[in-house]
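The sequence and structure are shown first.

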Amino acid sequence: MGTYPVTRSDEEWRRLLTPEQFQMLREGGAERPDTSHLVHEKRAGTFYCIGCNSAVFETAMKFESGTGWPSFSGPIAGAVEMVEDDNYPGGHHAGYGTVRTEVRCANCGSHIGHVFTDGPPPSGLRYCANGIGLSFTPAS
Ligand SMILES: [Zn+2]
């Protein structure tokens, strides 16, 4: 892990997060598909990193991927960083042998999901997020 504007020790993270969230955000875990209510969230609004409340996605970027994970064509500019991911053999989101890029919150380094290149135009990208790592606030 590099240095992020929001840096916490594992102990602090464990206090802030549920065990499930900790495993997901800090240890790169993945939720089972269709477990998050955010998969089918369609209201206009903003998705925030659960670790630091930084805005990472907007509903305008969201699309139905059919994967069972909240999927976005792109993040809010500067909100996430990409990390080469070769740590998760037999990965959960991707097909066998697919190279994956991990998506982390640029503000606190929490694991958000992965990005793939089979998304819709114009970006062609699919940001596959764990719903448990996000909170949603509808636009007022
Ligand atoms: Zn964060």
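## Overall organisation

The model is a predicted one. Its protein chain contains two helices and nine strands, and these follow the order α-α-β-β-β-β-β-β-β-β-β from the N terminus on.

The protein chain has 140 residues, of which 46% count as buried. Its accessible surface comes to about 7,300 Å², and carbon and sulfur atoms account for 50% of that area. When contacts between residues at least 6 apart in sequence are considered, 55% of them join residues at least 24 apart.

For comparison, the ideal angle for four tetrahedral donors is 109.5 degrees. Both Cys52 and Cys105 are buried; the relative accessibility of Cys52 is 16%, and this residue therefore falls under the 20% limit for burial.

A search of the whole structure finds zero disulfides. Another cysteine, Cys128, is buried at 2% relative accessibility.

## The nonpolar core

The largest nonpolar core has 24 residues, and the members that touch the most others are Phe47, Val56, Phe57, Phe72, Ile112 and Leu134. At least two residues come from each of α2, β1, β2, β6, β7 (111-116), β8 (126-129) and β9 (134-138). The most is given by α2, which supplies three residues. In soluble globular proteins, nonpolar side chains tend to be buried together.

Leu134 illustrates the packing within this region. Beyond its neighbours within four places in sequence, Leu134 is in contact with Leu38, Phe47, Tyr48, Ile50, Val56, Phe57, Phe72 and Ala129.

Within α2, the residues Gln21, Phe22, Met24, Leu25 and Arg26 are buried. The buried residues of this helix pack against α1 (10-16) and β7. Just after α2, Gly28 adopts a positive phi of about 70°.

Gly29 is placed in the loop between α2 (19-27) and β1 (45-49). With a relative accessible area of 7%, Gly29 is buried. Apart from neighbours within four places in sequence, its contacts are Gln23, Met24, His111 and Asn130. Gly29 and His111 are 82 residues apart along the chain, yet their C-alpha atoms are separated by 8.1 Å.

## The loop between β4 and β5

Ile76 is situated in the loop between β4 (71-72) and β5 (80-85). Leaving aside neighbours within four places in sequence, Ile76 is in contact with Thr46, Ala55, Val56, Phe57, Glu58 and Met61. Among these partners, Glu58 is 18 residues from Ile76 in sequence, with a C-alpha to C-alpha separation of 7.0 Å.

## Backbone features in loops

Most residues other than glycine have a negative phi, and most peptide bonds are trans. Asp34, with a positive phi near 65°, lies in the loop between α2 and β1. Its relative accessibility is 57%, so Asp34 counts as exposed. Asn53 has a positive phi near 60° and is found in the loop between β1 and β2. This residue is likewise exposed, with a relative accessible area of 56%.

The peptide bond from Pro121 to Pro122 is cis, and its omega is near 5°. Pro122 lies in the loop between β7 and β8.

Note on methods:
Residues numbered from 1 in each chain as written. Predicted model: local features only at pLDDT ≥ 70, side-chain atom pairs only at ≥ 80, totals over all residues. Heavy atoms only, no water. Helix = DSSP H or I, 4+ residues; strand = E, 2+ residues; numbered from the N terminus. Buried < 20%, exposed > 50% of the residue type's maximum accessible area, 1.4 Å probe, protein only. Contact = heavy atoms within 4.5 Å. Core = buried A, V, L, I, M, F, W, Y, C linked by side-chain atoms within 4.5 Å. Disulfide = S-S within 2.5 Å. Areas by Shrake-Rupley, 256 points an atom, 1.4 Å probe, with all protein chains shown as cover.
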